[in-house]
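The entries are in the order in which I made them.

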Amino acid sequence: MGDFYVCSCFYTHNFYIKELGLHAIYISNEQFLNQYSKVLKQHGYSTAERTQSILSQLENELQRRENLGPAFLHRKAVIREKYKMLHPEIFQLKTEFLQPEFLNLVNYCKESDATVDGVMLYLEETQGYIYITFFSFGPLYIFMLFGIYGHFLFLQLSMDEIGFNDFITTLRVEYMQHIARLLFPECGGGNLDSHKAFIVKYKVGEDLDLGYHYDNAEVTLNVSLTDSYQGGSLYFGDMRTVPLPDTECSEYNHVYGVGVLHRGQHMHGALPIYSGLRYNLITWMRSSKIRNQLCPMCNNKPDLVKTVGYGDGFTSDVQQTADVQQTADVCSLT
Ligand SMILES: O=C(O)CCC(=O)C(=O)O
Ligand SMILES: [Fe+2]
């Protein structure tokens with residue numbers, strides 16, 4: 001793995017405050033209170049006492065981000081040292097974990113004369129040009145994943161931290177990249193060189209839903225791992241450059257074992273769950289060729305800060321960036 005970076009906006013931008021339904025810029029308490037005074041008032045945060053809970057949340061989140069590198073290495077090392085793998089075979093992605101329909105799709109995409117129209121014939125469902133679903137993991141794999149990893153998933157660790165880096169890398173490079181090359185070329189679909197993968201959990205009494213957002217990714221794969229819940233549909237709008245009033249949203253109901261592949265910059269959210277438990281495996285795939293030109297989180301040329309692991313998928317490869325400027329539009333403009 002080469003060197004990867006985050007953009008310095010990681011420490012100032014996109015602080016999600018659920019109570020305000022807001023992704024905020026947070027540079028200091030004073031700046032935050034000034035910049036968002038109207039929103040705070042609208043939500044009834046009119047006293048210093050009430051705003052304190054929001055400020056504490058922001059301070060904690062900033063601390064978490066600043067400590068992410070060492071915490072990642074520490075947790076990964078502890079798990080490697082202390083956890084006895086009961087089923088080591090599930091850490092490597094094998095074809096038998098994947099549905100035959102999905103394998104046929106990937107094989108088709110690998111053909112040199114494969115076309116977008118051809119890919120469409122293999123997809124389980126499509127909704128306009130916007131997103132695509134298809135079979136992905138089989139039930140056996142999902143069963144093993146939960147049987148073994150339920151306790152780690154509860155801790156909200158990333159897949160890389162619990163030992164699935166090779167697994168997700170294989171998924172990205174040997175499978176998803178072939179499909180994304182054809183479907184999302186303008187997002188660097190054929191050059192997905194890093195990822196961030198994690199499992200989201202929704203449960204009544206805990207997290208119910210997820211606000212309207214775009215991902216810090218060029219291409220996202222979202223695989224449903226459970227079917228014992230009600231509500232919790234995914235909804236999609238348009239690309240992030242299209243204002244909300246001009247957007248018509250469409251709803252997608254997750255299907256157990258089925259993955260949704262979409263552009264990271266495609267706005268989406270999750271509706272509230274009413275009962276049961278919903279887990280989805282989210283894989284954010286990054287293309288440094290695209291994001292090195294423009295950080296999708298602050299819309300500026302990335303200001304690189306060295307980090308551990310894949311960071312946010314930026315690289316300092318100047319030559320690569322120069323090459324691509326002649327050949328690709330950035331994803332956010334599509
Ligand atoms: O809940 C879902 O299915 C979507 C989650 C999501 O969009 C995300 O984590 O970025
Ligand atoms: Fe998302």
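**Entry 1: the model.** I noted at the start that this is a predicted model.

Entry 2: I looked up the UniProt record, an unreviewed entry, which places the feature "domain: Fe2OG dioxygenase" at residues 193-287. I then examined that stretch and found 60% strand and 0% helix. Its end C-alpha atoms are 6 Å apart.

**Entry 3: the ligand.** Which residues surround ligand 1? I listed Val200, Leu210, Asp215, Asn222, Leu234, His268, Ala270, Asn280 and Ile282. Strand 13 (266-270) and strand 14 (273-286) are the elements that each give two or more residues to this shell. By class, I recorded 5 nonpolar, 3 polar and 1 charged residues around ligand 1.

**Entry 4: partners of strand 14.** I traced the pairing of strand 14 next. Strand 6 (residues 194-203) pairs with strand 14 in the antiparallel sense over 10 bridges, and Tyr202 stands opposite Arg278. Strand 8 (residues 219-224) also runs antiparallel to strand 14, with 6 bridges between them. Here I found Ser224 opposite Asn280, and Asn280 is also one of the residues around ligand 1. Strand 9 (residues 229-231) pairs with strand 14 over 3 bridges, again antiparallel, and Gly231 stands opposite Ile273.

**Entry 5: helix 3.** I checked the length of helix 3 (residues 48-66): at 1.5 Å a residue, its 19 residues should span 27 Å, and the end C-alpha atoms are 26 Å apart, so the two values agree. Helix 3 is hardly covered, for I counted 1 buried residue among its 19.

Key
Residues numbered from 1 in each chain as written. Chains lettered and ligands numbered in written order. Predicted model: local features only at pLDDT ≥ 70, side-chain atom pairs only at ≥ 80, totals over all residues. UniProt positions renumbered as here; feature names shortened; annotations may be inferred. Helix = DSSP H or I, 4+ residues; strand = E, 2+ residues; numbered from the N terminus. Near = placed C-beta within 6 Å. Nonpolar A, V, L, I, M, F, W, Y, C, P; charged D, E, K, R; others polar. Expected span 1.5 Å × (residues − 1). Buried ≥ 20, exposed ≤ 12 C-beta atoms within 10 Å, placed from the backbone. Pairing = 2+ DSSP bridges.
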